[in-house]
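Morning, everyone. Please bring up the model on your screens, and we will walk through it together.

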Amino acid sequence: MSLITPSSKAKRSFGGKGGGRRFENNKIYGNPLPLLFVDPPSTRLNSVLGLLGLSLTRVENPHCEGIFDPITRSVWITNMDHCMTLWRRGFFGKGDLSRSEPSWLARQMNLRKSAGKQLTSEEVTARRRAERKQFKLDRAAAIAAVAEEAEQIFEKEGKVTVPALSGPAIPSAATWKPSQPIRPETPITPAEVDIPDPLDEEPLENVEHMQLTLQEAFFLLWNLDCLTVLHPDTLEPMSLKDLWIAFQRAHLPIEIEAPQPLRFDNPFLINYAVYHHYRSLGWVVKGGIKFCVDYLLYKRGPVFSHAEFAMVVLPVYEDPGDQEDAPSNLQNATPFAWSWLSTINRVNSQVQKTLVLVYVTIPSRKRVSATVLESPACFTQYSVREVILRRFIPARMRD
Amino acid sequence: MDESLELPNVHLQKPADIVAAEDDEQASDDEDGGLDWTKLLPAALRPVIPKRGEKEYEPRTGTAGGESGLQVHVLERSRAAMFETLKATRTTSSKAISYGIWHPHLARAEVTVMKGIHFSSMGHSAPRQVLDSDGTEKLQKRLELLPEEAIYLIERGSMFCWKESNLDLQQLEGVDGVPMTVQQAYSEMIGTEDLTLEKFQVFAYLKRLGYVVTRTRPPNEHYPTATPLSVAVSSPSVLDRVRRLFGGLASGLRRVFARFDWWHPLNTSTCFLGIRNYGSLFRSLRFIPTGHSVPLNREETNQKDSPYQIFYNLYKPSTPFKKSTPPAPDFQIVVINARTTPMPTLQELTNLFDILPEQPLPLPRQKRLANGSQVEAKPVPSAPAAPLPSTGFCQRLFPWAFPTTAPVTQGRRVNPFMALKNGKKMIVIAVVDAGNIGFFKFSEGAFSEWPMA
């Protein structure tokens, strides 16, 4: 079954998942957060307690560890078990050599064995793209042949026939089958040109690590308390207060003499407010750079379905004076031009996502003093609201 | 256009053909497709045009490496048909023309002779002091058109407009003033009564598609205002009241016994009284203020200067429209110029949303009920306004007494994605960029009312 034919089910998923794969996904990715709730054994006492609304449920905390890297503004997780725990329970983080899940090691092993039993998502995508390229070449050849025929008829008899662009002679995505097995082109580096001798192979060492953005890391360590972050130089665990200040300082310009004062319009705070808000509503929030936006919202996770909403974060200053004092221009703080708005809207409607503008209000320094920034209590001063943008086509809305 | 009306016309134009041509011209089939030029001509003069096929995007090389004879031939044929139809003169039957007089100081066109179906949705009646034939001033009601309506009809060829003049016209019969050309109409009427070229363009585009377009703010007191959509706010049910009462009690108790620690917002160490499943965990995380009702704390700049004012009310062609008492509009339009006005700021959007009524929830696909107008959904249980989480103690005690299901309308659940995408209030902003119009729907989002967990 070619990978480019649309599957019969409504959901388009890679690899043509059937019921078995979905069941597996539900098992592996079933927990929405890294914490696990362990229910107590159902004794009589416990059921009585349950009626009263009390329970003896235990919480299992995975206690993952990561290292703070202020240069890349991220937290690195090198322990593979922790990586997989955080990825599988809530889709936190991204492998730095992979598309999403840290799969570099699996891909290298597949390359060596070239058996490809368990295809990673990158390999599936590469194969699908190669097949689609071949299909387009076949289709172009068929169209050229039909047009040639029509041309011949015109020259000989002067009869005008329209060369068809669809029809029985021309393959369509639903009916095309690859004539020979397609091999995706892998980029060949000079080192790989000479075939490695099986005896010379070094044991594979995983050089990949997983990166959490500062927002994801803070969400895990502040609310769920399941992440410990180590200082990059001393490798000592940092306290929550230190991390709160350090995450904000990562976005401020480096000052040699005196430390810069903390500001309300710190990008970390604004993005964290948005991230926390949508995580608390149950959405899985991932980065949206692929579609010109800031965040993408998934209902359960990227493995289950495509993202429904594309969020653009627009900070709004309560006091315009604060905006002029800002050391660096905050992204999207001034309303942008209609051409850019149309562009983002068009890109996202092409991939069937709805564009949502998220307005975050930044408190003014005159109303609230900056000392409140030293604890997360400052989040009550911000507010998050959304405006949904769609195109209105009068010709189609007539009925 | 004016000359051909006065000269005798050789071709015998049957009125039915003209009406058919005008009707076809109204119905452009696709928004993105080109016009079928042949439909403008009457049946006798129409050239034969081959059926429109698929678009070709590059020149094709023919058999001997030269140009494709077939492609060139087909292109030439289509071009010739287009030029042929454009060369023909457009005429209107004298029985279908209305007459009007443009009064510059009033910025209105008074209609003296009314013909055709346009006036069922255009024009309003205004009483004016009129000098009668015997010299006495009498209050008389007459049909008046706004400048955009007048230009639209003149350009279409359905109205012939005179300009009001002080010349003595008693001797000339049937002449009420100085005749106006289309160009003169444009130059005189655009700029009066708040009408700009962009607004006229949007008006004309929507009218050509078949909508009824009226102004939201009446320019004078005789202009009928639309009845606003009545928002059915049902009083909260007994259960809602009890729940809110207990919720308040419980959060009060919580606040007394356990202060909300900002360094440990979740109390997961002891599950005894606290969180015991993912649902309650997510609920206790919702403490960031959200929603459009949170005050903006910005200084109120003068809102009348903002270009974001609702200008047009739009009614779908299928809505029964009565001129004297227009129903609630289907859409409301703001018209702005893309080059001079940036995107709306949050303050401007909030001001617009404050005026607008709430929309009903989108129903799943099913056939409409007989009383389709009363499809108002039950109000969604409002999200807790207080930032602190509150699951009432009694609510946990008797979970069966406090159902928290998604709002159900007429036995069918509303799809949360559809409700999220539609939003609660909607405004359409027409952005005119040097002649191209783009329409955008800005809706007020309500993600906190449809949580995913």
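One definition before we start. Two strands count as paired if DSSP finds at least two bridges between them. Keep that in mind, and remember that this is a predicted model.

Now apply the definition. Take strand β12 of chain A and strand β13 of chain B, residues 436-444. How many bridges join them? Five, and the two strands run antiparallel. The cut-off is at least two bridges, so they count as a pair. For one position in that pairing, look at A:R391, which stands opposite B:F440 in β13(B).

Let's step back to the whole interface. On the chain A side, 87 residues are in contact with chain B, and 84 residues of chain B are in contact with them. Together the two chains bury about 8000 Å². What share of that lies on carbon and sulfur atoms? The answer is 66%. Three residues deserve a highlight here: A:W338, A:F392 and A:R398. They supply 11% of the area that chain A buries against chain B, more than any other three residues.

What about charges and polar groups? Across this interface there is one salt bridge. Its partners are A:E308 and B:K421, with the closest N and O atoms 3.2 Å apart. Polar contacts across the interface come to 20 residue pairs. Which element gives the largest share of the chain A side? Strand β12, residues 383-391, with nine residues. Sort that side of chain A by class, and you get 51 nonpolar, 18 polar and 18 charged residues.

Next, the annotated part of chain A. UniProt, in an unreviewed entry, lists residues 268-360 of chain A as "domain: tRNA intron endonuclease catalytic". In the model, that stretch is 34% helix and 26% strand. Its end C-alpha atoms are 12 Å apart.

An unreviewed UniProt entry also marks an "active site" at A:Y298, A:H306 and A:K353.

Now salt bridges in general. Over all chains, the search finds 18. One of them joins the side chains of A:D319 and A:K366, at 3.1 Å from N to O. This pair links distant parts of the chain, 47 residues apart. A:D319 sits in the loop between β10 and α10, and A:K366 in the loop between β11 and β12.

Move on to the sheet in chain A with the strand order β5-β6-β4-β3-β7. It is an open sheet of five strands, and the pairing is mixed. Which strands stand at the edges? β5 and β7 do, each with a single partner strand, so one side of each has no neighbour in the sheet.

β3(A), residues 64-69, and β4(A), residues 74-77, pair antiparallel over three bridges. A:D69 has A:S74 as its bridge partner. Four residues lie between these two strands in the hairpin, and A:R73 takes a positive phi near 55°. β4(A) is also joined to β6(A), residues 210-213, by four bridges, again antiparallel. Here A:V75 partners A:L212, and A:W76 partners A:Q211.

A:V207 lies in the loop between α6 and β6 of chain A. Its C-alpha atom is separated by 9.6 Å from that of A:D96, although the two residues are 111 apart along the chain. Leaving aside neighbours within four places in sequence, A:V207 is in contact with A:L97 and A:W104.

Last, turn to chain B. It has an open sheet of six strands, in the order β3-β4-β2-β1-β5-β6, with mixed pairing. β3 and β6 stand at the edges with a single partner strand each, so one side of each is left without a neighbour. β3(B) and β4(B) pair in the antiparallel sense over eight bridges.

Definitions and conventions
Residues are numbered from 1 along each chain as its sequence is written. Chains are lettered from A and ligands numbered from 1 in the order in which they are written. This is a predicted model: local features need pLDDT of at least 70, side-chain atom pairs count only at pLDDT 80 or more; totals for chains, interfaces and linings use all residues. Side-chain values use heavy atoms; hydrogens and water are left out. Contact means heavy atoms within 4.5 Å. Buried area is the accessible area (1.4 Å probe) that two parts lose on being put together, summed over both. A salt bridge is a side-chain nitrogen of Lys or Arg within 4 Å of a carboxyl oxygen of Asp or Glu. A polar contact is a pair of N or O atoms within 3.5 Å; within protein, one must be able to donate a hydrogen and the other to accept it, and residues adjacent in sequence count only if both atoms are side-chain atoms. Ala, Val, Leu, Ile, Met, Phe, Trp, Tyr, Cys and Pro count as nonpolar, Asp, Glu, Lys and Arg as charged, and the others, Gly among them, as polar. UniProt positions are given in the numbering used here, feature names are shortened, and annotations may be inferred rather than shown by experiment.
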